[in-house]
Amino acid sequence: MSILYVLIPLGLVLVAFGLWAFFWAAGDGQFDDLDSPGWSVLDDDRRPGPDPSPKPDDPA
Amino acid sequence: MTPVATPCFHCGEPIPRGLAIHARVSGRDEPVCCHGCKAVAEFITGAGLGDYYRYRDTASTRADEPARPDRWSAYDRPELVERLTRAEPNGARSITVLLEGLRCAACSWLADKALSLQSGVLDVSVNPATARARLVWDPDKVRLGDLLRVLEQVGLRPHPLAGEPSEQLALLERRAALKRLAVAGFGNMQVMMFAVPLYFGEASGMDPTIREYMRLVSMLVSIPVALYAGWPFYQGAWHALRARSISMDVPVSLGILLAFVASVWNTLRGHGEIYFDSVTMFVFFLGLGRYVEMIARHRAGSVADALARLAPMTARRVRAGQAEDVQAVELAPGDELLVRTGEVFAADGTVLEGEGRVDESMLTGESTAIAKVPGTGVHQGTHNLGAPLRVRVTAVAGNTVLSGIVALLERAQAERPRIARAADRAAAWFLGRILVGAALVFAIWWYVDPSRAFAATLAVLVVTCPCALSLATPTALAAATAALARRGVLIARTDAVETLARATHLLWDKTGTLTRGLVRVEDVRALADVPSDRALAWAESLEQMSEHPIARAFLAAGEARGPASDVGVHPGRGVEGVVEGRRLRIGTHDFVEELGTGPSPGPSVAADTATDAATPGESWVYLGGEHGLLAAFRLTDPLRPEARDCVRDLAALGLPSEIVSGDESSAVARIAARCGIERRGARLSPADKLQRLKHLQAEGAVVVAIGDGINDAPLLRGADVAVAMGRGSALAQTSADLILVRDSLEVLPATVELARRTQRVIRQNLAWAILYNLAALPLAALGLIPPWLAAIGMSLSSVVVVLNAMRLSRGSKPRPRAEWPGAGQPETA
């Protein structure tokens, strides 16, 4: 059972690392907005340009 | 309104019959309801942002009035930019704006993209939860006024917030709460992991060194949970005790600290029970409930938002005969302002010059305009409907009548709701008994067998720890709040769910709730050989000089053109003027017909109202020229399509509806008949409405009030449950318990049902918790339950309570019966 003296501190180190990562993420604003970043996947990488469809009177 | 009317491509509202306005979107002509929507839809797709119409999940806000070109130019002045924005590295500036009409993630995508397209914009972040956008731009490349104009062009009206600290505070509060929650959650998992072998080791025999080791590690993990994650509870308890009152935080803190200190003591001395698992679980679940509640509170919108929307940011100051646009915060008492027709007063003041009428409904609830002559006072936030006024400023910013009202509302909002206070008293009473009981048990055992006294006392404390009891209500409410938020119902005060479940009566303020609250041109009927959209354009030209409420319907519907010339307003009858070389009249039938048949009486140029067709129900307005009538316009405040079903479903749930309206009885009767509502009151002042409410409450009724306007604020505040519409005034929302975010009534019956289910779950939870405590208490007091078993029992009873509450967030999730009319359409594009 003496392996526990190694494994439990190791586990605690992992937990501490996870908490540190979570604190960093929260402080960085990763949890401030959980809705709109999902839409960015649908977005093309290019900056939105003029409407691709035919549009003779397009002012842009 | 016919239910089959085509919905507007942009805002989803029905298009007036006979009107053919089309927006050119992705090479196709899409029908829209007005030129405001046409402009917005074409601007959005023209900028390559047409994807917005595919992503959005609710229809957009109707683009009411065409943008006034000079509205944003005040923001181009460097000293305003200086005051309103913050400096960023490399000479850039940043600003936070509140976006009105931002309703879903697609809206925030739209705002983000529309701004990113502008050259000189360095960074944009839009938060749909708080409807705020932060933008960073290079002032050398683009002006702030232009950016704000772009936002208005895509249909999201911006309200710049000058260095708003409260939003930043709320954000930090959320982040801090999230961190504490993470510590509690992680810690709880770890401690549970050690608790299981400790429990089983107790039964099967465990190496004492390992046992000591695990207890020590449990303590180590629990210390941050109890001290850091539990800190807000101690803080709350301390504040409550200092104010000589007892809040829920007091028993919670006592429970946590007692169990924690006892466990630490037992760990250090090497024997005795430890309760770290209970402590961490307690902190985690209570923190979770508080977190969900806080998110709901932040979302419901602060009073600061309301003020930002009501009071204008800019004003027109007259100095040495020169008028200039300045920011409202620059004003000082003694300044002279020019407030033009249709503008909002930026400060309190006294009229110096001009005679006109002012809409003060947001302050007084009085819907008819108040006449103003030199010497009378005007107030910040009220609307100038009449002729331009010159005003001497008497009070600004924090000293105005409006800010006084806002401060009152803020205090009312901060007060704990009465049910929560009652629950706190009950919990405090319960805890008092437990402490006395535990002391008694300790004394008796000390007399009988001192060696078992501490264990038995702790077992009593732990087994009766009001864990399940205190979790019973918050977990159920949190689950219900989350489930409702997914359906577009925001709970601003959680105890509203409990009250809603007991509700017996519904009071509707008709305008804006059962109806849409906007007078619109519903039907255009050509009476001569003139196309209907041409007639509408003429009507708008004529009405541009008028300040009549009905004129606004035309301004929203018609194409933006120059005003008519030679305009004369005939009070009570209509308007006459010359458009495109034709002499035209708009107004009552007789008035318009006179022009064609006989000489017109001399126009009275006195800018006063036409009082005739002010009924917000249905009315006809005619347009004619010298050769007779040209067109007729039917104006209505259309009924919401879902109103009838909603009223019927609510009646089936035992909630009869009643209309209390300030409108004409004919208009009220018409709407009541269409909705199937029997009881109604017309021509009621806000005080009458409140009296009707008090009368019902005196008879023992629990009343739900639904309103949207500022003049409904007294009714909403007096009601047991106040429901505000998502597009209603911001002040109405701040006095509401529930906000229908999607501005649709169809979720209301489901909300009542969920509230009742929540109430049932709370009762089950309470019954279970009390039953468990009653059964376990005597056994623990007799020393038959070792503390570790008590801890398991307590944890299990808590788990049962939490799982029962979670049923609310799963289970029946009825989809909205009708999708938003415009939302699905562009999928084929």
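Contact here means that the C-beta atoms of two residues, placed from the backbone, lie within 7 Å.

Axes are lines fitted to C-alpha atoms, for helices over the stretch in contact, and angles run from 0 to 180 degrees between N-to-C directions. Helices (H or I, at least four residues) and strands (E, at least two) are DSSP runs, numbered from the N terminus.

Some housekeeping: residues count from 1 along each chain as its sequence is written, while chains are lettered from A and ligands numbered from 1 in the order in which they are written. Since this is a prediction, local features need pLDDT of at least 70 and side-chain atom pairs count only at pLDDT 80 or more, whereas totals for chains, interfaces and linings use all residues.

## The seven-stranded sheet

Chain B has an open sheet of seven strands in the order 17-29-28-27-18-25-26, with mixed pairing. Two strands pair if DSSP finds at least two bridges between them. Strand 17 (489-491) and strand 26 (679-681) of chain B sit at the edges, each pairing on one side only. On average, neighbouring strands of this sheet are turned by 20 degrees against each other, direction ignored.

At one end, strand 17 of chain B runs antiparallel to strand 29 of chain B, with three bridges between them; Val489(B) has Leu740(B) as its bridge partner there. Helix 17 (residues 495-502) of chain B packs on the sheet and touches strand 17, strand 27, strand 28 and strand 29 of chain B. The direction of this helix makes about 105 degrees with that of strand 28 of chain B.

## Strand 28, covered on both faces

Five of the five residues of strand 28 (residues 721-725) of chain B are buried, so this strand is largely enclosed by the rest of the structure. (Buried means 20 or more other C-beta atoms within 10 Å of a residue's own, exposed 12 or fewer, partly exposed in between; C-beta atoms are placed from the backbone.) In a regular strand, side chains alternate between the two faces of the sheet. Here Val721(B), Val723(B) and Met725(B) lie on one side and Ala722(B) and Ala724(B) on the other.

Strand 28 of chain B has a parallel partner in strand 27 (residues 703-707) of chain B, joined by four bridges, with Gly707(B) opposite Ala724(B). Strand 28 also pairs in the parallel sense with strand 29 (residues 738-740) of chain B over three bridges, where Met725(B) stands opposite Leu740(B).

## The two chains

Chain B has 27 helices and 29 strands, and 52% of its 829 residues count as buried. Chain A has two helices and zero strands, and 3% of its 60 residues count as buried.
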